[in-house]
Amino acid sequence: MKIAVFCKSVPDTETKVRLKGDRLDTSGIKYILNPYDEFAVEEAVRMKEAKKAEEIVAISMGPARAQEALRNALAIGADRAVLVTDDALDGSDTLATAKVLVKVLEKEGGDFDLLLFGQRAIDGDTWQVPSQVAALLDLPQATCTVALEVEPGSKAVATRLVEGGEEIHELTLPAVITCSKGLNEPRYPSLPNIMKAKKKPLTTYSLGDLGIDASEVGKNGSRTEVLSYELPPARGGGKKVEGEPEEVVAELVKFLKEEIKVI
Amino acid sequence: MRMVLRLILAALALASFGLFAFRFKQLLDYLKIGVESPIPRTDDGNVRLKETAKYVLAQICSRKEPYISTGIMHTAIFWGFLLLFPTAVEAVLRIAFPEFSFAFLGRYLYGGLTLLQDIFALGVFVAICGAAVRRFIVKPKRVDNHWDAPVILGLIAGVVITFFAMNMAEIQLGEKAVRPISGILHALLGPHTTTAASSIYTGAWALHTAILLVFVPLLLYSKHMHIIAGVPNIYLQNKEGFKQHRMDFENAEFFGVNRIDQLSWKDLLDTYACTYCNRCTDQCPANNTGKPLEPGMLIQNLRDALLEDAPEVIKLKKEDKLPPPDEECETVKPLIDRVISRDAIWSCTTCGACLSICPVLNEHPQKIVEMRRYLTLMESDIAEELQITFRNLENNSNPWGVGFANRADWAEGLDIPLISDNPDAEYLLWVGCAGAYDDRYKKVMKDLVTILKAADVSFAILGVEEKCCGDSARRLGNEYLFEMMATEVAELLNSYNVKKIITACPHGYHTFKHEYSQYGWNGEVWHHSQFIAKLIREKKIRFNIALPHRTIYHDSCYLGRHNNIYDEPRYILRNLVPEEQLTEMDRNHERSFCCGAGGGRMWMEEKIGHRINVVRCQEALAKNPDKIVTACPFCLTMFEDGVKDAGKEEEVSVRDIAELVARAIEPPQPEA
């Protein structure tokens, strides 16, 4: 089985988001491998360790710094990595991104049995790319998976959490799976594996290498446009209601009715 | 008859010394399978020699608190043995030269010797009886009765009894040496005829000599190896303080220790020097709270492993067939799970209680950290919570994982100069992760700033540029992470030409002081307790009130045992609190009991046994304090938890020493 794992380099979860004009201020940000992608890599590596998979290719689209996220995936146990990087990609929306990723899969032989994604990237938080890739390739997909059983060459059984229970899907391979928290506990790579990761192959493609025209990606190739960024309003102080129970209840009801108008 | 005895003893002597020499060479060869010692072991020869002589001859080694009584027994036996040594030489030489005697040394020298011998031989006998009573009747928990203990006690008793028997006979035969105790024994017990004296002498001498000749090789085949290995082990002691060595990540392919030949030769010598006294285990906070760590057993199991593995290692090395340590080897087995369990390895708080009590100065926690390095770096076999800690350190350079951009939030509005704006500030105030991110310790940091400002100290902080010093990563064995952190921080310090650091964290203090020179930063490091004491001495700060509360101080391990800072915090307290209100826990100074958070344990769940902090806190609460004072962010957290656990948070407050100081100088007094 050949598995593609998609990895995105994202700002660390603790990043203090700041704006610079109409764009995000990206200075002084520590980038990490998107935590949900880590579940995907771990899951793939476990399949390889269980002798269900032969090759794991970690794929990313992003600036040069995404190499670091890919090296992390390699340290966890991916076999090789592919990075699509090109200045013209800047500003690509989810669909443009999905199209590029599809091209990468074609370039890499197109013979993948399983496409693993994190359920979402913690930066843009759009949740869209995996499903768009599935749609473009006309593959079955299971999103937000918390348990996965794969029978190489035939099917995948994916469990998703839904309100009040679990949904179990059987998918014919090849399929797209997006990984959720709870699927596994990603390992802390050992030093020999970190060292080995530095020597594993990492291929870089430009748009030209993939035969993509610059007009199909970036701002021009995107159907959505970011108009502006705005920080959420600063959180105001809490309100404390004190007094006898009757008074407190009356006060609270008044607050709910008149001030925030929820009842 | 005498001739026959002499022949038998001559044969025994040959066998005895031959076996001794064979075993000595063998044990020496075994040491050679170890790697180089990462720290110097023979520098300052004269100092080492003097310290060793003092430590051994004055028997400081054996009489450390709280083992004074066994120490006195050991001192008596040790001195008795030194004094009886000439008699032993006499006895052995008399196999060849029946008339040999040290009497030629002259009346005074020989007379003095025989007098002391008589007194100390009695002392040895009493001590041996005491030791036997302790070992077989009292049976303290830490005493592990191997076969060798009773054998050796018996042999020593035999040596002393035959010594007196020889003397008693010789007195009857007209010998005039100064031996008052033998004289009394002779008067009481005889022998009173020359014939009897003559045969008793021959018998006693033969037995005395035979026992000695059995004893000689036995030294190297029992725990009494410490008699031979202890002294060099003390001479070769670590004089640089507790610290970990830097690894060679460029060239090494194997990290940490999991096979006997990965330890240094000095680590191996430690195992020979161990006397199985198990004082280390007796003092170990992990062991005392029901965890599986037994530092003594670790050393003893390592000796067994060495004796078992070394011949194989030597053989395979000779054939050039020894596989690299990460590959399986059929005859040389890994150490982890064999000499020590994983749980035990992770139980260590690196508090150094074992280090400071060990009579032969063995180095236990260093070995444990080496094994942690193996588990963390090679196997990545770490607790889940540590995975998070390591990630936090990697991504945000603090163990809590709060964003690194928030590191200076605590200082907002306090008007604290940044070093980037004040490159000429004399001191860098190293805030540390706790000071920057722990809500409780932020208060301490603010108080420390108040004190420094009141004393008009020229200082600045790094602000958001500060990073974690890496102590926890290093103690937890994540040396790769520490390497990156320490390299960055050392570069940062050098880029601002920082030469003096003040820090409130004993762990940061220790790491900067002892370990950052490995990464190219050298400078003065002050713990805030030292610095405040200095300010008081120099009259830079004055107090306007005395604090009336009953106060008890807890020694942080990294301040006390690892850095010998016991007096400064107490000096500060004496300036703040009336003498009669100051009290100590039963275990204080060098015998202080860890709070449970050292060695990176701060970031781990404590799942086995009782919680160390609860036990320590109970010890403090038993003295009915109003205030428990610490000088370490980890200790502060552990004690606050401990006090809450005891339901005493209303009555007993836990404070950092800086908080007490800041309350007493507030409002700052103008110079009179």
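## Chain A at a glance

Please keep in mind that this is a predicted model. Chain A holds seven helices and 13 strands, and its C-alpha trace spans about 70 × 45 × 40 Å along the principal axes. Of the 263 residues in chain A, 39% are buried.

## The nine-stranded sheet

The sheet to look for in chain A is an open one, built from nine strands with mixed pairing. Reading across it, the order is S11-S10-S9-S12-S8-S1-S6-S7-S13. At the edges sit strand S11 (165-172) and strand S13 (202-205) of chain A, each of which pairs on one side only. On average, neighbouring strands of the sheet are turned by 30° against each other, direction ignored.

Two helices of chain A pack on this sheet. Helix H1 (residues 35-49) touches strands S1 (2-6), S6 (55-61), S8, S9 (141-151) and S12 of chain A, and the direction of H1 makes about 145° with that of S8(A). Helix H3 (residues 94-107) touches S1, S6, S7 (80-84) and S13 of chain A, with its direction at about 145° to that of S6(A).

Strands of a sheet pair through backbone hydrogen bonds, whether parallel or antiparallel.

## The nonpolar cores

Which residues have the most contacts inside the largest nonpolar core? They are Leu429(B), Ile451(B) and Val661(B), in a core of 155 residues. Helix H20 (residues 479-495) of chain B gives the most to this core, contributing eight residues. Leaving aside residues up to four places away in sequence, Ile451(B) touches Ile532(B), Ile541(B), Ala658(B), Val661(B), Ala662(B) and Ile665(B).

A second, separate core has 67 residues, including Ala40(A), Ala81(A), Leu83(A) and Ala134(A). In soluble globular proteins, nonpolar side chains tend to be buried together.

The domain assignment of chain B lists domain 1 (2-31 + 62-235), domain 2 (260-379), domain 3 (398-537) and domain 4 (551-665). The C-alpha centres of domains 2 and 3 of chain B lie 34 Å apart. Seven residues of domain 2 of chain B are in contact with six residues of domain 3 of chain B. On the domain 2 side, these comprise three nonpolar, two polar and two charged residues.

Helix H21 (residues 506-515) of chain B is mostly covered, with nine of its ten residues buried. Among the buried ones in H21(B) are Pro506(B), Tyr509(B), Phe512(B), Lys513(B) and Glu515(B). What do the buried residues of H21(B) pack against? Their partners in chain B are strand S1 (427-430), helix H17 (432-437), helix H19 (471-475), strand S3 (500-503) and strand S4 (524-527).

## Where the chains meet

The contact between the chains takes 14 residues from chain A and 18 residues from chain B. On the side of chain A that touches chain B, five residues are nonpolar, three polar and six charged.

Key:
Residues are numbered from 1 along each chain as its sequence is written. Chains are lettered from A and ligands numbered from 1 in the order in which they are written. This is a predicted model: local features need pLDDT of at least 70, side-chain atom pairs count only at pLDDT 80 or more; totals for chains, interfaces and linings use all residues. Two strands pair if DSSP finds at least two bridges between them. Helices (H or I, at least four residues) and strands (E, at least two) are DSSP runs, numbered from the N terminus. Axes are lines fitted to C-alpha atoms, for helices over the stretch in contact, and angles run from 0 to 180 degrees between N-to-C directions. A nonpolar core is a set of buried Ala, Val, Leu, Ile, Met, Phe, Trp, Tyr and Cys residues joined through C-beta atoms within 7 Å. A residue is buried if 20 or more other C-beta atoms lie within 10 Å of its own, exposed if 12 or fewer, and partly exposed in between; C-beta atoms are placed from the backbone. Domain bounds come from an automatic or database domain assignment. Ala, Val, Leu, Ile, Met, Phe, Trp, Tyr, Cys and Pro count as nonpolar, Asp, Glu, Lys and Arg as charged, and the others, Gly among them, as polar.
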